[in-house]
Amino acid sequence: MNTDIALWKVVINLPESLKKELLNYAEYLREKYPNNPQSTEKMETVKGYGSWADKIIMSDDFDEPLEDLAEYM
């Protein structure tokens with residue numbers, strides 16, 4: 001189903017007060033994300049698994065036992 005048609009089906013059944021609120025929000029989005037490919041591409045990007053790749057570095061001895069816990073081992 002086309003997004004425009006799906007949106008129309010939802011909007012057509014809303015009460016008038018919610019239609020006005022939705023219109024205000026749509027105008028806000030239009031101002032925030034002007035019609036250029038980079039801004040809409042940025043909006044559609046979904047962060048997921050691996051989004052922190054190369055941003056967190058663990059030390060080489062991460063899996064080594066801690067000296068503070070030696071008496072419990």
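In which segment is Ile56 found? In this predicted model, Ile56 is found in the segment that comes after helix H3 (37–44). Ile56 counts as exposed because its relative accessible area, at 59%, lies over the 50% cut-off.

The secondary structure of the protein chain consists of 3 helices and 0 strands, and the order of the elements from the N terminus on is α-α-α. Burial is limited to 3% of the 73 residues of the chain, while the accessible surface of the chain amounts to about 7700 Å², of which 56% is supplied by carbon and sulfur atoms. Helix H1 (residues 3–12) is likewise hardly covered, with a count of 1 buried residue among its 10 residues. At the start of H1, the backbone nitrogen of Asp4 is approached to within 3.0 Å by a side-chain oxygen of Asn2.

The largest pocket has a volume of about 160 Å³, and its lining is made up of Leu7, Val11, Lys19, Leu22, Leu23, Tyr25, Ala26 and Leu29. The elements that contribute two or more residues to this lining are H1 and helix H2 (16–32), and H2 gives the most, with 6 residues. In an α-helix, residues three or four places apart point the same way, because each turn takes 3.6 residues.

Terms used: Residues numbered from 1 in each chain as written. Predicted model: local features only at pLDDT ≥ 70, side-chain atom pairs only at ≥ 80, totals over all residues. Heavy atoms only, no water. Helix = DSSP H or I, 4+ residues; strand = E, 2+ residues; numbered from the N terminus. Buried < 20%, exposed > 50% of the residue type's maximum accessible area, 1.4 Å probe, protein only. Areas by Shrake-Rupley, 256 points an atom, 1.4 Å probe, with all protein chains shown as cover. Polar contact = N/O pair within 3.5 Å; in protein donor to acceptor, adjacent residues only side chain to side chain. 1 Å grid on protein atoms, 1.4 Å probe; cavity = no way out; pocket = protein on both sides within 12 Å on 5 of 7 lines; lining within 4 Å. Points joined across faces, edges and corners; volume = space filled by probe spheres on them.
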